[in-house]
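I opened the model to look up its sheet and its salt bridges. My entries follow.

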Amino acid sequence: MKKNILLQEYLQNEDFIVKSECAISMLKTKLQIIDADLGMRYHRKVIHSKTSRIKSYDSIVAKLKRKELPENVETVKEKINDLIGVRAVCTYTDDLYEMVKMLYAQKDVKVIKEKDYIKNPKKSGYRSLHLILEIPICFQEETQWVKIELQLRTAAMDYWAGLDYQLQYKKENKEARRISEELKEYANAIEEIDRKVLELRKRIEAI
């Protein structure tokens, strides 16, 4: 793959990396506060894990190619919403929606876009809640709103997505295609498990 030097330089620039890491840190802190709030309200842990990443150069270029977009810095800034990402994993689906409500209520967070792949799964069976947010970063006497993607999913959805990710670049293989079809079936089973686990929790709470 021929390297786009200007795009590479932008992604390796200290200013970009520092602002990205600050945005990740701020969003994780907000999630920690939301977790504490919901934990006190419901007397149980809500967020079980949080992970983050800054998309690699190769991943960005691959996405631009799939979308048939120009491979330059301006396009990345305007069109690539998941350049920086945070993922939070919970046990129950209703907690995911409760967290979304709380994020909408935050005065220093802008919700730019919401994609509900739980109510409307992808064809592959993928389920998750995606929010594109803007977080204000005060850096070098300037406030800049940094775009960041937040993925919210249950542990079962997360296990499934991990397997699906491993298959992404092997779809041309016959066995991989068969596994992909199996995964679609398991996605429905996972949805049923999430629903039943939620019902059980509500029954326990009602005792």
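Is D158 buried, partly exposed or exposed? I find D158 partly exposed, with a relative accessible area of 23%; buried means under 20%, exposed over 50% and partly exposed in between, with a 1.4 Å probe and protein chains only.

Note on the source: this is a predicted model, where local features need pLDDT of at least 70, side-chain atom pairs count only at pLDDT 80 or more, and totals for chains, interfaces and linings use all residues. Residues are numbered from 1 along each chain as its sequence is written, and side-chain values use heavy atoms, leaving out hydrogens and water.

I looked up the partner of D158 next. D158 forms a salt bridge with R153, the closest N and O atoms being 2.9 Å apart (a side-chain nitrogen of Lys or Arg within 4 Å of a carboxyl oxygen of Asp or Glu). R153 is buried, at 3% relative accessible area.

By this rule I get 21 salt bridges. One of them joins D82 to K63 at 3.0 Å between the closest N and O atoms. D82 is buried at 8%, and K63 is buried at 15%.

I also checked K196 and E192, whose side chains meet in a salt bridge at 3.8 Å, N to O. K196 is partly exposed at 45%, as is E192 at 31%.

A network of salt bridges links R44, D94, D95, R201 and E205.

Last, the sheet. I read five strands in an open sheet, ordered β1-β2-β5-β4-β3, with mixed pairing; strands are DSSP E runs of at least two residues, numbered from the N terminus, and two pair if DSSP finds at least two bridges between them.

How values were computed
Helices (H or I, at least four residues) and strands (E, at least two) are DSSP runs, numbered from the N terminus.
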